[in-house]
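Have a look at the fold first, then read on.

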Amino acid sequence: MILDLHTHSEASEDSRAPVEAYLKWLVRKRSILPIDGIVLTEHRQWSQRVDYRSLEDQYGLLILRGAEVETDYGHILVYGVNDRITERFDFTNVRLSAQELVPAVTEMGGIALPCHPGRPTIGLYEHYATKPPIEGVVAVEALNGGSRRGENERVHELIERHGYRAFGGSDSHLVSLIGVCATEFDCGIRTTDDLVAALFRGGYRPVDFRDRLRTAA
Amino acid sequence: MAISLDRSIVGVEFDRTVCEPVTETEIRTYSAISGDPLPPSPGGGALVAAPTFVVSVRGKKFMPPKLPNLGAAGFDAGKDIEFGEPIHPGDVLTVVSTVHDVYEKTGRSGTMAFLVLRAVITNQRGDQVAVIDQKMMFR
């Protein structure tokens, strides 16, 4: 099963992509982008009220939700967001403590994973040069579709040094970028709980469809 | 410089301007300069302004008089426009400006603060002509 674990819809202030447009694009590009579902990780926010079940049924794609929050170690994707997590952490705070967030999210039933770790200022790599490693990190986004040259490459050093697992996501803010990078799981995933369990357990890897898209163009 | 994110300014109306009636010359000049063509007039009726004509409609105050300390330098970070009723010559437009949002985010270059100023433009019948969210970025 292949999921794009890092996407932004128009709910994020810097994206103009409607969720349904993502789904239409994936259906249209299915022969090139074998994506089974997406995880919406809107910036600094979480809403319990959003429900995409009718879109899932209409397009035959899984839609899960997480959040991208901002910490003193850079940006972190949170999956399995629940009331306990949002009551404890103000997602609009761009100075959250990563050392506090990561273990607390795990304790409260979710998982918190650093994204685009090779990116300056908002990536783990740079912060690890001056600060101790974050306790409890099990994986990092080794492949990010929005990274610039050299940013994804720096992540391999982190993975080797700290034994992190690797996953991928498009970090899409535009419709045509959805699914360009994603994560292939050995197991099936139907719910957010399944996703959290799988991310802890292992048996997944980043997949890159950019060459395939370029060839098909 | 430490920034202040005092959200008490969110929702505060800082300007309400009733503009002079829109003229045909203004509508035609805007299209000629901007390149945004005049849309066809329904049934050959009154002239219709180009959709983006609304960005030329401004209140008297662009910024609220009292801003929190968002940083030393600010610049235009783009605008979102929700278009409503078309504009015709003779329309009397009212612009109501409020602070819609203030928030921080972090990116490759560091921490930024954003101020979103919302202008709601209505015509003499009270119909909504446009909602313009103007973003300003500070650091």
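Which strands does H4(A) lie across? H4(A) lies across E3, E4 and E5 of chain A, and runs at about 140° to E5(A). (Axes are lines fitted to C-alpha atoms, for helices over the stretch in contact, and angles run from 0 to 180 degrees between N-to-C directions.)

## Before you dig in

This is a predicted model, where local features need pLDDT of at least 70, side-chain atom pairs count only at pLDDT 80 or more, and totals for chains, interfaces and linings use all residues. Residues are numbered from 1 along each chain as its sequence is written, while chains are lettered from A and ligands numbered from 1 in the order in which they are written.

Helices (H or I, at least four residues) and strands (E, at least two) are DSSP runs, numbered from the N terminus.

## The helix

H4(A) spans residues 98-107, and its buried residues are Ala98(A), Leu101(A), Val102(A) and Val105(A). Seen down the helix axis, they fall within an arc of 95°, so they line one face of H4(A). Buried means 20 or more other C-beta atoms within 10 Å of the residue's own, with C-beta atoms placed from the backbone; the arc is that of the directions from the helix axis to the C-beta atoms.

Just after H4(A), Gly109(A) takes a positive phi of about 100°.

## The sheet

Seven strands of chain A make an open sheet with mixed pairing, in the order E5-E4-E3-E2-E1-E8-E9. E5(A) and E9(A) stand at the edges with a single partner strand each, so one side of each has no neighbour in the sheet. Strands pair if DSSP finds at least two bridges between them.

E8(A) and E9(A) pair in the antiparallel sense over five bridges. Thr183(A) has Pro206(A) in E9(A) as its bridge partner.

Note on methods:
A residue is buried if 20 or more other C-beta atoms lie within 10 Å of its own, exposed if 12 or fewer, and partly exposed in between; C-beta atoms are placed from the backbone. Two residues are in contact if their C-beta atoms, placed from the backbone, lie within 7 Å.
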